[in-house]
Amino acid sequence: MWHKSPVLPQAPYGQTDNNKTEVTVRRNNSLSHLLLGAALTLGASQVIALQELDDSSLSDVQGAGLAFAMDDFSFRFAPTSYIELTGTQAQGAGWERGDARYYGLSITNGEQIAGMDWHGSGCGSGGAFGNDHLACPMGTDNGGGIGAFASIYDPYVLRAYKYEGYDYSGAYLSTPANMPTVMELIGPSDTDRWRWSFWGELEVDRLNNNPADGALNNSYNVGGADFLQSQTIIHGKPVTKDGRPARLRLMRTTGMDSALYPWADSNTFGINYESALSGDFRFSVRQKANSEDRLHWVPDFEDNEGMYFKNVDAYLPLGQLHYQALTLDAVRSGSERGNFIIELTRIPNIAAVYEDFYCDGPCNINGNGEIQNPNEDTLGYVRWGDFTDFDLNGPSGLPGATDTNNGIYFVGGGTEPSPGAGVTASTQDVTNIGISRIEGMRIHHMKITTLGAGQ
């Protein structure tokens, strides 16, 4: 099965048109030559032609889904392209308008230390602060492409599938006739490391509801909007440390309680999402001395300063087949009309469903009331740091006060004049505050309703 598409010309890496978004996937030449040779050898006496796929030709296909293998993949917004969340003029005391923008969203190579900043200039840390891969928001090795974004041996899989399980009414669905079909996208269980990054700005109290293009911070120029510009860099993989992949499922819920969800009419569109991530994280705000520090202007951030999270490992399941789902709705009346609702529906108050939610099989509970066979698939966690040494050795296994290889730590922004003293003082100190974790997260119910400050 082949799909042919035109090849578009690309600008040199590091050079981009304003407001341009690009996705690049480069094919491995040796693999292409191998496939071409096989096609010529097997079909030398035949005329090989591309044929359009239609419903009738696909109806006879049997398989486990569609696999997507991608190598040398990158995704990049221009540093001036953004996604914006706009506020409204505040109407009550204690409220101020807020506007947020996220610029330069990018997914690029993270295997090599080499990289560049938002201006296309090379950058680096020298490794002094444990941030070899976190100094630069974008990778440049391999043209910025991620080598094994999804290898042919571990691809993304898109499939329609049926799973056994309890529905909202407590009925156990186990036959092809009653099991709902679920559309799911399963991520790889291992990939090359990525850099996932963006820079953003939060604008507070825009005056007279007018844009403040290019205005300086109020601290420098009275009359401009207050704002904070920041940089976020994640270096890691979209899998947990033990290889659990991310998974997205789309489904039709069945058996919902009409008393709790009258709008659903017992059935509605639902989403399950299992979030998985491992790696390192850096959030920074300090800009270099020559940076403009102006609203909507691309900043030049300092390479080392920031808050670091090393050896992060996170898994968060949102929804369970077939009795809990993320649903979307809108506020349709009253003063809040026009807002939207994201809800993780309640776990049904049914013994069999609760047992499935908490236990792997029939619950085995000891004399202290502790579950001996917890259901690991419903158990979320977030770990900021590697706990292996601590779990073995206790407090002596904690990172040191200036360690940069584990845990949560801060790095100052360089050397600057001391206030009023006319001398310089080093602020590139490292302060490690330790490791932290949240274990055993099971979400019974969550409901988020947006509400504009002007309402």
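**A walk through the contacts of a predicted model**

A search of the whole structure finds 19 salt bridges. A salt bridge here is a side-chain nitrogen of Lys or Arg within 4 Å of a carboxyl oxygen of Asp or Glu. Side chains of opposite charge can pair when their charged atoms come close. This is a predicted model: local features need pLDDT of at least 70, side-chain atom pairs count only at pLDDT 80 or more, and totals for chains, interfaces and linings use all residues. Residues are numbered from 1 along each chain as its sequence is written, and side-chain values use heavy atoms, with hydrogens and water left out.

Start with arginine 193. Its salt bridge partner is glutamate 111, and the closest N and O atoms are 3.4 Å apart. Arginine 193 sits in the loop between E12 and strand E13 (194-204), and glutamate 111 in the loop between E5 and strand E6 (115-116), so this pair ties together parts that are 82 residues apart in sequence. The strands (E, at least two residues) are DSSP runs, numbered from the N terminus; helices (H or I) need at least four. Arginine 193 counts as partly exposed because its relative accessibility is 29%. Glutamate 111 is partly exposed too, at 28%. The cut-offs are these: buried means under 20% relative accessible area, exposed means over 50%, and partly exposed lies in between (1.4 Å probe, protein chains only).

Now move to arginine 159. Which residue does arginine 159 form a salt bridge with? The partner is glutamate 184, with the closest N and O atoms 2.6 Å apart. Arginine 159 belongs to strand E9 (residues 156-162) and glutamate 184 to strand E12, so the pair links distant parts of the chain, 25 residues apart. Are these side chains buried or exposed? Arginine 159 is buried, with a relative accessible area of 19%. Glutamate 184 is buried as well, at 0%.

Aspartate 300 is buried at 14%, whereas lysine 288 is partly exposed at 30%. Some bridges share partners: Arg159, Glu184, Arg247, Arg249 and Glu274 are joined this way into one network.

Next, look at glutamine 229. This residue is found in strand E14 (residues 226-237). Its relative accessibility is 3%, so glutamine 229 counts as buried. Valine 285 is 56 residues away in sequence, but its C-alpha is 6.2 Å from that of glutamine 229.

Turn to the rings. A pair of aromatic rings is described by the distance of the centres and the angle of the planes. The structure holds 16 aromatic pairs. Rings of Phe, Tyr and Trp (its six-membered ring) pair if their centres lie within 6.5 Å; planes under 30 degrees apart count as stacked, over 60 as edge-to-face and the rest as tilted. Tyrosine 82 and tyrosine 103 form a tilted pair, 5.0 Å centre to centre, with 55 degrees between the planes. Tyrosine 82 is in strand E4 (residues 82-85) and tyrosine 103 in strand E5 (residues 98-109), 21 residues apart. Tyrosine 82 is partly exposed at 41%, whereas tyrosine 103 is buried at 2%. Tyrosine 166 and tyrosine 172 make an edge-to-face pair, at 4.9 Å and 70 degrees. Ring pairs also link Phe73, Phe149, Tyr156 and Trp194 into a cluster.
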